[in-house]
Amino acid sequence: MSALAEPTGAPAAWPNTYGDEAKPRMGFFTDTTVCIGCKACEVACKEWNLIPEDGLEWSGLSYDNTGELSANSWRHVAFVEQAKPLKLDGELATADGGPEPLRWLMESDVCKHCTHAGCLDACPTGSLFRTEFGTVVVQEDICNGCGYCVPACPFGVIDKRDLPRSPDDAPLALPLLGKKEDGRVWKCTLCYDRLKGGHEPACAKACPTDSIQFGELDELRGRAQKRLEKLEAEGWNGPRLYGEDPDDGVGGFGAFFLLLDEPEVYGLPPDPVVPTAQLPRLWRTTALAAAAVTVGIAAAFLGGRE
Amino acid sequence: MTYAHPNGNGSITAVGTTMESYYGKPIVKEPVWKAEIPWYLFMGGVAGAASVLHGLARVTGNHRLARSCLYIGAVADAVSPVLLISDLGRPERFLNMLRVFKVTSPMSVGSWILVASSGASNTAAALEGLGILRPVKWLAEAASFVTGPPLATYTGALLANTAIPVWSEARDELPWVFGASAAASAGAAATVFTPADAAGPARRAAIAGVAVELGLVQAMERKLGFVGEVYRQGEAGRYGRVSKLCTAAGAGLLALRGKRSRAAAVTGGALVLAGELALRWSVFKAGFQSARDPRYTVRPQKERLQKKGARR
Ligand code: SF4
Ligand code: SF4
């Protein structure tokens, strides 16, 4: 790939913006096999980051009433009820004493803090940036709500917040064009403020089972590999790491997962690729098409004035 | 399976074992863009291609055509930023677009192209109207000629550089489709506002633009395969059919009677314009539709994985 294809570079090639102040790359390893679906992470995140309430509705979809990651949900616990045995040897968890093979998958989803982040590459204002911890954060005082990052994320994480403007908000410079909403985009910051103060993110702190593990990414990757080997040795049904591979389409996730089934079962894309990976080719196509517009219109002049 | 499940599907296997999704929920987010964006895609196309028509009319000495194209381009170029600003969540911060230049962001590159193009064409139009500062006007006209074509095609890159299946999978076609659509739009607009004895090049640009575009859209839908079916469904399908009908009828009318009948030229031009606007809406809506259904995200990615696996 050309330099353009790796706009933010492999970790080693990330622009050395921070010099001496650069920190080791921090991230999450979310081990879904020990998640009990308590949603302490969702609550802790809302509390710490002062995220507004966004509807109290019963979805009817297992215990999941959050539904998806959004501007107002930066952790989301997915609940999957499956007629599959937990272990390969067919030893079945039973419900109501019955012999049905049944397992309940729970996964706390979060922004992946991609190595090559579609949202960051797309942002035209520089509001989205790479922190000294290697995480991806929105600067809310710069975001103008263009919304380009929203479809640029392969995981559907980042989203625009639509909330009524409060009377305390600064008056709009262009009142006629003004919107009655917060108007900016929001997502997980990996608790940038807490990291700066030397604390772990609120969700990891709150997680009672250590399903959410926070630490230096390199160390987490090693830990996850060991955990995977243990589960495989114990004959679990379908364990796999998702997002730990630095050679995947987004250059590896800063927040990766241990799953028990295909990613799409949890609402995750099976082979995410940062859109920017194709951008050099796309720019060439665009330039060629632009030239063709000029040549084509010039040809229309050959037939004279009438 | 006998467990009753509260989701009403009757079976606890509703999710996971057979369906390839999480309760059928989308994986990528739908864009948050509103009606201003398809209108802008259309206006930006008009502005970009009108600059080219204008420049070439000027150098070939067709000043009547040049003048109408200059004004058409200037108006479209002036409306475009207003549409974009109006779509922002924080319109008062629109200048933040110009605090960086990022080649990784088609929106950043496009903002700069639009500023240059809009500034140039409006300067030229103002000076033409006032009849002053001719050397400055020529410079502005030249700048507008250079920035026009990229303005017409970058919007294809804007949409394709996303995770929206029906846009990103059409990355080889969208800039071409939008380029052809722009040429047709500007040609049609100029045909409406220019007497027939000077409008020949504009009319031919409109007709050829429509012909090329109809072919390109066909090719795009075919190549998209499974994902391309959204172009036959819902709003995208409706706008698409309107677009094909209007552009074909308009171009036909222009080809048959556009030279002799003023009424035919105006009607044909208006039909083409309506059809091109509908095309932008069709592409816009198709993006939303393809984001809404996780199958369009999952299936192509699974196929990609299988191919990768086979190669190993
Ligand atoms: S998961 Fe989405 S929002 Fe998070 S860093 Fe990656 S592209 Fe950005
Ligand atoms: S909505 Fe805000 S953060 Fe997202 S791309 Fe636009 S300016 Fe950047």
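Trainee: How do you know that chain B is in contact with chain A?

Mentor: In this predicted model, 91 residues of chain B touch 96 residues of chain A, and contact here means heavy atoms within 4.5 Å.

Trainee: What is the area buried between chain B and chain A, and which atoms give 61% of that area?

Mentor: The buried area is about 7700 Å², with 61% of it coming from carbon and sulfur atoms.

Trainee: Why is the meeting of A:E262 and B:K302 called a salt bridge?

Mentor: The two side chains come to 2.8 Å, N to O, and the rule asks for a Lys or Arg nitrogen within 4 Å of a carboxyl oxygen of Asp or Glu, so the pair qualifies. Across the interface of chain B and chain A, the rule finds six salt bridges.

Trainee: Which elements give two or more residues to the side of chain B that touches chain A?

Mentor: They are α1 (36-59), α2 (63-87), α3 (106-130), α4 (134-160), α6 (174-193), α7 (200-224) and α10 (294-311) of chain B, and α4(B) gives the most, with eight residues. The residues on this side of chain B divide into 47 nonpolar, 22 polar and 22 charged.

Trainee: What makes A:C123 and A:G145 count as part of the surroundings of ligand 2?

Mentor: Both belong to the group around ligand 2, which also includes A:P124, A:N144 and A:V185, and the rule asks for a heavy atom within 4 Å.

Terms used
Residues are numbered from 1 along each chain as its sequence is written. Chains are lettered from A and ligands numbered from 1 in the order in which they are written. This is a predicted model: local features need pLDDT of at least 70, side-chain atom pairs count only at pLDDT 80 or more; totals for chains, interfaces and linings use all residues. Side-chain values use heavy atoms; hydrogens and water are left out. Buried area is the accessible area (1.4 Å probe) that two parts lose on being put together, summed over both. Helices (H or I, at least four residues) and strands (E, at least two) are DSSP runs, numbered from the N terminus. Ala, Val, Leu, Ile, Met, Phe, Trp, Tyr, Cys and Pro count as nonpolar, Asp, Glu, Lys and Arg as charged, and the others, Gly among them, as polar.
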